[in-house]
Amino acid sequence: MPASCPLPLVKGTLDALVLKALSWAPMHGFEITAWLEERSSGGLGVEDSALYQALYRLEERELVRAEWGITGNNRRARYYHLTANGRTHLRAETTRWVQYAELVTEVLTAKRQRA
Amino acid sequence: MIRPGIRRAFRLVLWRRDNVADRVDDEIALHLDLRAAQLERGGLSPADARAEAVRRFAAGGGTATARQALVQAASHRETTMHERERLAALWQDFRHSVRGIRREPAFAVLVIVTLALGIGANASMFGILDRLLLRGPEHVVDSDRIARMYQTTVVPGIGEFTGATVGYVTYADIRNGTRAFSEVAAYTGAQEMTLGHGADAEQVRVRWVTWSYFPLLRVRPVLGRFFMEAEDRPPQGEALAVLAYGAWQRVFGGDSAVIGRDVTLGGRMYAIVGIAPESFTGHAREPTDFWLPVSARVPQPTDDWATTRFAQWLEVIGRLKPGVTFDQASGEATAAHQRAYDGSVDYEAEARLSMRPLWFDGRGQEALEVSVSRWLLGVSVIVLLIACANVANLLLARAVKRRREIAVRLALGIGRARLLRLLLLEGVLLAGAGGAVGVLVALWGGQFVRATLLPNVEWSGAPVDGRMLLFTAAATMLTGILVGLLPALMASRQNLTSALKEGSRQAGSARGGVRIGLTVAQAALSMVLLVGAGLFIQSLRNVRNLDLGIEPERVLTIRPSWLASGARSPDEQESENRRRNDVRVRALERIRAHAGVESAALTIGLPFNSRFTVRLRVSGYDSLPRLSGGGPYVQAVTSDYFATVGTRRTSGRVFTPADRAGSEPVAIVSETMARTLWPGADPIGSCLFVGSDEPPCSRIVGVVRDTHRDALREDPAMQYYIPFGQERGIGGTTLLVRPRGVPMAAAESMRAEVRAADPTLGYIHVETLQERIDPQVRPWRLGATMFGIFGALALLVAAVGLYSVMSYTAAQRSHEMGVRMALGAEARDIRRLILRAGVGTAAAGVAIGAMLAWMGGRFVEELLFGTSARNGMVFGAVASCLMIVAVAASLIPARRATRVNPVVALRAE
């Protein structure tokens with residue numbers, strides 16, 4: 001899919017995606033962005049600042065927690081971890097998303113049936 | 001990496017808003033740098049990469065807006081998380097406190113029991129006062145706007161008398177001649193009457209009230225109605241009855257068909273019109289079974305009862321109109337009374353009427369029960385203060401032990417505010433537990449006080465209710481803060497470095513000073529309480545040892561109730577009276593013959609029951625001198641009267657069976673009468689004209705001791721006795737019996753003897769003479785018991801306090817003791833050192849307490865009996881008692897101090 005026409009993100013999905021990214025390892029903001037872009041081949045139309053909004057929101061809900069750490073280039077960065085609550089939430093969101101997607105797919109790809 | 005929770009707890013990072021913004025900026029900067037670098041790697045020029053990074057960061061609104069939004073989100077996040085952490089910290093502190101308390105169960109139990117006793121004492125006294133004073137009688141609306149009326153008359157040469165009883169005329173005058181009251185009502189004191197007939201008869205309590213009584217109190221009947229104005233009109237109202245809820249249940253089983261039915265009271269029929277609500281006991285909380293209209297009373301005191309000023313048997317209450325003060329109402333009442341005054345009773349000309357609160361007694365004073373209860377609430381506050389001082393002391397001692405722990409916490413950055421909270425929380429927790437146990441104490445204590453000390457008051461409801469719980473909760477909270485605050489303040493102010501270095505040894509001399517101050521305060525307050533207890537106990541003893549001139553606990557009074565005779569004409573009444581007299585004489589003879597009886601007598605007029613004055617002329621006097629005690633009072637008695645009641649003869653002879661109606665008129669006078677009328681001379685042979693100036697006069701044949709007439713505290717009065725049967729114009733005979741052994745044990749056989757003399761008699765009332773006196777003794781018993789309990793409590797708490805202070809002081813000085821012993825001090829010296837400190841502290845407290853008690857004494861003076869509030873013996877006894885306790889409390893720590901091993905103590909550095 002060409003990077004020039006990314007799909008707008010379904011509301012609330014970003015949170016789940018961020019959690020998914022963090023389920024691999026603690027990351028700082030840019031690492032998460034990069035991870036998401038890599039996985040989606042740039043197909044997710046998200047402003048970078050929206051990611052930080054999502055992170056702060058998740059932190060407030062105690063789904064992730066943040067710590068200051070040092071990057072490979074020796075710079076101070078805020079690293080985000082998935083909490084136990086976050087992991088549970090991710091699992092639930094994934095299930096929900098998959099069911100939802102299947103449903104939508106089924107409807108959208110339904111063949112015309114004759115009565 | 002340090003977890004954020006910990007970081008925040010130790011305040012390594014401040015979370016202020018500008019800080020939040022800085023951190024957001026850091027994050028944005030890093031992001032833009034990394035993005036630019038990524039784009040550069042992809043082939044863009046540094047400038048283009050930068051621009052593209054910025055564009056991707058916030059394509060829509062621009063970086064500034066995006067940053068703004070992020071800072072806002074971050075702040076919101078920080079605030080939320082901070083709140084959450086504060087809650088978590090509070091919960092943590094709470095758990096920490098609970099753990100700390102549970103770690104030292106002995107300490108916790110001591111503190112909780114101390115506080116429970118203090119809080120429980122307050123709660124039970126509050127409960128009592130609340131009922132007696134604050135809340136007003138059940139079902140009575142706005143009882144604080146209802147006033148009781150008193151009449152103060154000045155009798156020339158004798159003094160002022162204030163009483164609550166007036167005639168019906170005065171009631172009518174007030175009702176018609178004032179605007180200050182929305183309603184006025186009158187009522188009689190409770191009267192015992194026979195309900196039903198014969199052996200099934202039952203004794204009930206009856207009050208005669210005006211029709212306005214119920215509307216004034218704003219009570220609603222549960223069934224039927226109350227009286228109407230038209231039914232209560234002098235001179236003869238309708239025979240109706242309002243039934244008390246309790247009597248309705250007890251006598252009629254709660255049958256609602258009882259309305260309209262007739263009941264027989266004192267041999268007369270009354271139709272029941274209504275039922276008063278449950279637990280309604282009138283305006284004065286006195287047990288009552290029936291209310292009847294005043295105008296239906298039989299017999300009335302006189303035929304012209306509604307218009308004469310000579311019969312005074314009613315008490316009056318009025319409900320003040322909104323905005324009217326007691327003083328204004330008193331003024332109006334007096335004016336109305338004087339306008340209507342007709343000159344018939346001379347001393348009423350100047351009479352003043354005054355309106356006073358409902359809880360005042362028959363003489364216009366605040367009822368002794370109320371003032372004693374008020375005092376006891378004050379006393380229980382002192383007990384609570386002592387308990388607080390003690391617990392604060394214990395907590396302080398504990399804080400000293402935990403000094404190093406607290407210093408470590410402070411060094412780790414726990415923040416003094418948090419520490420303060422931690423220690424306060426401990427105080428509140430302990431107080432909370434104390435309060436919970438205190439409610440149990442109050443439950444038991446309230447029941448105890450109600451049942452044993454205030455049995456005259458008709459209580460309703462449980463001793464613990466919502467208002468009392470509220471009071472307890474407030475007292476508990478206050479107590480918690482009081483006991484927690486001092487240790488908390490001291491702990492948070494301590495010097496970190498020295499505390500870390502010294503551990504608990506030095507513990508700050510300033511704090512030692514505070515603790516000794518608290519101990520001195522405890523000892524002083526205990527001294528005050530115990531002096532109070534001593535004075536009350538002394539009063540009670542004086543009351544009990546009071547020579548009344550009679551032996552009331554040995555004597556039974558017997559009063560049968562007669563069936564209504566239906567006698568109308570004077571002749572019929574005369575013959576009925578003769579018949580009744582015969583019955584009494586027959587009963588007296590039967591009782592005299594009974595094996596269990598020492599002696600028995602008949603009397604008209606009896607101490608603590610009734611007294612009479614009749615016209616009396618004494619040869620040699622134009623008019624008799626008047627004594628402040630009133631009188632002279634006359635009694636007509638049979639020959640064994642003096643032996644029966646135990647009044648001793650001082651000279652001459654007492655009456656014999658030969659002194660009777662028709663025999664030579666004789667008389668016996670009291671010592672006061674003899675002294676007053678024949679000073680320095682022998683009265684025997686002198687002449688009394690009793691009831692008439694016509695000869696023959698009654699010749700005085702003997703002198704007997706004075707007796708009290710109706711109060712424990714009264715001025716002496718002249719009294720004289722004439723033989724039963726020689727009296728004229730007085731009536732109301734009582735049968736007196738002095739049984740062998742326990743008097744009340746003979747009650748049933750006495751009833752049987754009297755009934756055998758006349759089987760038609762109604763209920764036969766038997767009680768000891770003492771029962772009439774007991775209510776007067778009760779306030780002193782209440783005072784002595786409660787002051788005694790509270791004093792003992794205070795002493796116990798103070799002793800524990802002193803002990804704990806001394807043992808902690810001794811423990812802290814163990815290093816010093818070690819040095820002293822290493823330098824050659826002996827166990828004896830060490831012991832003396834500690835003892836001296838303890839006794840010194842107690843002595844200071846006792847001295848201060850003695851001073852307080854000495855100064856405060858005049859406030860209790862009027863509650864005491866036969867003792868000054870500055871009774872040296874009481875002060876001395878209490879002081880030595882406290883000092884003995886102080887020595888005992890210091891002895892154990894002193895002995896422990898001598899067992900210090902110098903080597904261990906010195907090495908403990």
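How many bridges join strand β15 (residues 597-604) of chain B to β23(B), and in which sense do the two strands run? There are 7 bridges between β15(B) and β23(B), and the strands run antiparallel, where strands count as paired if DSSP finds at least two bridges between them.

## Basis of the description

This is a predicted model, in which local features need pLDDT of at least 70 and side-chain atom pairs count only at pLDDT 80 or more, while totals for chains, interfaces and linings use all residues. Residues are numbered from 1 along each chain as its sequence is written, and chains are lettered from A and ligands numbered from 1 in the order in which they are written.

## Chain B overall

Chain B holds 24 helices and 24 strands, these being DSSP runs (H or I over at least four residues for helices, E over at least two for strands) numbered from the N terminus. Of its 909 residues, 40% count as buried, a residue being buried if 20 or more other C-beta atoms, placed from the backbone, lie within 10 Å of its own, exposed if 12 or fewer do, and partly exposed in between. Among the contacts in chain B with a separation of 6 or more, 82% link residues 24 or more positions apart, contact meaning C-beta atoms, placed from the backbone, within 7 Å.

Strand β23 (residues 733-739) of chain B has 5 of its 7 residues buried, so it is largely enclosed by the rest of the structure.

β9(B) pairs with strand β10 (residues 268-275) of chain B in the antiparallel sense over 4 bridges, with Thr264(B) opposite Met269(B). The hairpin has 2 residues between the strands, and Gly266(B) takes a positive phi near 60°.

## A helix pair in chain A

In chain A, the axes of helix α1 (residues 13-22) and helix α2 (residues 29-40) come within 10 Å and cross at roughly 100°, the axes being lines fitted to C-alpha atoms over the stretch in contact, with angles from 0 to 180 degrees between N-to-C directions. That angle makes α1(A) roughly perpendicular to α2(A), a class that spans 65 to 115 degrees, with under 35 counted as roughly parallel, over 145 as roughly antiparallel and the rest as oblique.

Leu17(A), Val18(A) and Ala21(A) in α1(A) meet Ile32(A), Trp35(A) and Leu36(A) in α2(A). By class this contact has 6 nonpolar, no polar and no charged residues, where Ala, Val, Leu, Ile, Met, Phe, Trp, Tyr, Cys and Pro count as nonpolar, Asp, Glu, Lys and Arg as charged, and the others, Gly among them, as polar.

Key. Contact = placed C-beta atoms within 7 Å.
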